[in-house]
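Visitor: I'd like a close look at one part of this chain, and then a walk from there into whatever it connects with. Pick a spot and take your time.

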Amino acid sequence: MSPAQKIRLYPFCHRQQDVVVASFEYDASLVNMIKQLPGACWSRTLKSWFFPKNIFDLHRFFEAFKEVAYTDYSALNQEKRMKPGPTPGTVKTRYNLKNIKAQLSPNVKAQVQSFKKWMEQKRYAENSIKIYIHQLEIFFGFYASKSPEMISNEDITRFNTKFIMKYGLSATFQNQTVSALKLFYEKNYKRLLNIQEIERPLKAKPLPKVFSKSDLEKFFHAITNPKHKMAMMLIYSCGYGEAN
């Protein structure tokens, strides 16, 4: 592989989710390598690979590609510089992913890997498998002092408060954790978690976008064909409200 290969990382909002896009000229070897990283997903609209921002590990990415390509992450650093600094007493801390996963016992590692093979055999999407395994490793690493069979709904709620909320992680991260645990316990322990009792974030419901009155006046004024204008006014009066 030519050492001239370059991967550019930049932040982006894709389908209402904060992501990190990895842009590079097509190379089969790079594609095969990027597929192995947690959360890697291909976007047809972006025509690039991307990672959910809440699980993207820049150090791991850099280490994976440092021998084969130059990684330009200046756009990520620029985003950090543009963000306002924290106010005194509100400094956001980061968790050490490597240390958390290192807490996993051999027994739990074996259970998680067995669950991964089961998901592969059931033909779950590759990206779903990576995310679920990632979430399980973090959760059981956090509860390293407990075996999986000892975990209760209260522990999951506590994880939301003591880990997810503490580190300011996204609602997507929270939902992914609950979904991963639900499937894990259905498969490995034949018991259902009482999802109704588990803290899940509310789904965002953005308000519909509507034309302002001035924009509508300009729009209708620009239509010169009387039939077209009548048709558009009929459509508007039947299906759209006017912004105040």
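Guide: Let's start at Glu-149, whose side chain makes a polar contact with the side chain of Tyr-189 at 3.2 Å. A polar contact here is a pair of N or O atoms within 3.5 Å; within protein, one must be able to donate a hydrogen and the other to accept it, and residues adjacent in sequence count only if both atoms are side-chain atoms. Before we go on, a word of caution: this is a predicted model, where local features need pLDDT of at least 70 and side-chain atom pairs count only at pLDDT 80 or more, while totals for chains, interfaces and linings use all residues. Residues are numbered from 1 along each chain as its sequence is written, and side-chain values use heavy atoms, with hydrogens and water left out.

Back to our glutamate. Glu-149 sits in the loop between α6 and α7 (helices are DSSP runs of H or I, at least four residues, and strands are runs of E, at least two, numbered from the N terminus). Glu-149 counts as partly exposed because its relative accessible area is 46%; buried means under 20%, exposed over 50%, and partly exposed in between, with a 1.4 Å probe and protein chains only. Setting aside neighbours within four places in sequence, Glu-149 is in contact with Tyr-189 and Arg-191, contact meaning heavy atoms within 4.5 Å. Tyr-185 is 36 residues away along the chain from Glu-149, yet their C-alpha atoms are separated by 8.8 Å.

An α-helix has 3.6 residues a turn, so residues three or four places apart point the same way.

Thr-177 counts as buried because its relative accessibility is 2%. Its side chain reaches back to the backbone oxygen of Phe-173, at 2.9 Å. Leaving out residues up to four places away in sequence, Thr-177 touches Phe-159 and Ile-164, and also Gln-135 and Phe-139.

Phe-163 takes us into the hydrophobic part of the story. In the largest nonpolar core, which has 32 residues, Phe-163 joins Tyr-95, Phe-140 and Phe-173 as the ones that touch the most other members. A nonpolar core is a set of buried Ala, Val, Leu, Ile, Met, Phe, Trp, Tyr and Cys residues joined through side-chain atoms within 4.5 Å. The elements giving two or more residues to this core are α4, α5 (106-121), α6, α7 and α8, and α6 gives the most, with 8 residues. Apart from it lies another core of 17 residues, including Ile-7, Ala-22, Ile-34 and Trp-49.

Trp-49 brings us to strand β4, where Trp-49 and Phe-51 are buried on one side, and Ser-48, Phe-50 and Pro-52 on the other. In a regular strand the side chains alternate between the two faces of the sheet. Since 5 of the 5 residues of β4 (48-52) are buried, the strand is largely enclosed by the rest of the structure. β4 runs antiparallel to β2 (17-23), joined by 4 bridges, and Val-20 stands opposite Phe-51 there; strands pair if DSSP finds at least two bridges between them. β3 (41-43) also pairs with β4 in the antiparallel sense, over 3 bridges, with Cys-41 opposite Phe-50.
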